[in-house]
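Here is a note to read beside the model, taken point by point. Please keep the sequence and the 3D view open while you go through it.

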Amino acid sequence: MELEMSNKNEEKQRKLPTIAGFLSFLIALIALAGVNITLLMDIDDFPETFLVSLPIVGFFLGLLGLITSKRSRLNALWGIGISLFILLFTFLMIGLSWVGINPKP
């Protein structure tokens, strides 16, 4: 019987998350916090950065994190999910507000 030699460096590299996936998750959390703060403080003008720009960047970084390496993809998946949620929330909020407005009193 032969003993298999395990390389500890390879095991550590497999456990580390991808940079793109982690950045996607971090950007999505920052955008979600910005949307929540804006809604809680009842600010009339939503900052475009938190509603559109950051979630789009987070989504594409998450896609990049999924295809770049064979390391953990969990952060990339969470980043994509949160970014898609914010984008879907934004467009549903705008669409439902158009339906709810009565143009003729």
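1. Among contacts in the protein between residues at least 6 apart in sequence, what percentage join residues at least 24 apart? The figure is 76%, where contact means heavy atoms within 4.5 Å.

2. This is a predicted model, in which local features need pLDDT of at least 70 and side-chain atom pairs count only at pLDDT 80 or more, while totals for chains, interfaces and linings use all residues. Residues are numbered from 1 along each chain as its sequence is written, and side-chain values use heavy atoms, with hydrogens and water left out.

3. The protein has four helices and zero strands, helices being DSSP runs of H or I with at least four residues and strands runs of E with at least two, numbered from the N terminus.

4. Helix H4 covers residues 74-100, and its 27 residues should span 39 Å at 1.5 Å a residue, the expected span being 1.5 Å times one less than the number of residues. The end C-alpha atoms of H4 lie 38 Å apart, which agrees.

5. Buried residues (under 20% relative accessible area, with a 1.4 Å probe and protein chains only) make up 25% of the 105 residues in the protein. In H4 they include Gly79, Ile82, Ser83 and Ile86, and what covers the buried residues of H4 includes helix H2 (19-40) and helix H3 (48-68).

6. The axes of H2 and H4, which are lines fitted to C-alpha atoms over the stretch in contact, come within 7 Å and cross at roughly 30°. That makes H2 roughly parallel to H4, a term for angles under 35 degrees. Among the residues making this contact are Phe25 and Leu32 of H2 and Gly79 and Ile86 of H4.

Key: Buried means under 20% relative accessible area, exposed over 50%, partly exposed in between (1.4 Å probe, protein chains only). Axes are lines fitted to C-alpha atoms, for helices over the stretch in contact, and angles run from 0 to 180 degrees between N-to-C directions. Angles under 35 degrees count as roughly parallel, over 145 as roughly antiparallel, 65 to 115 as roughly perpendicular and the rest as oblique.
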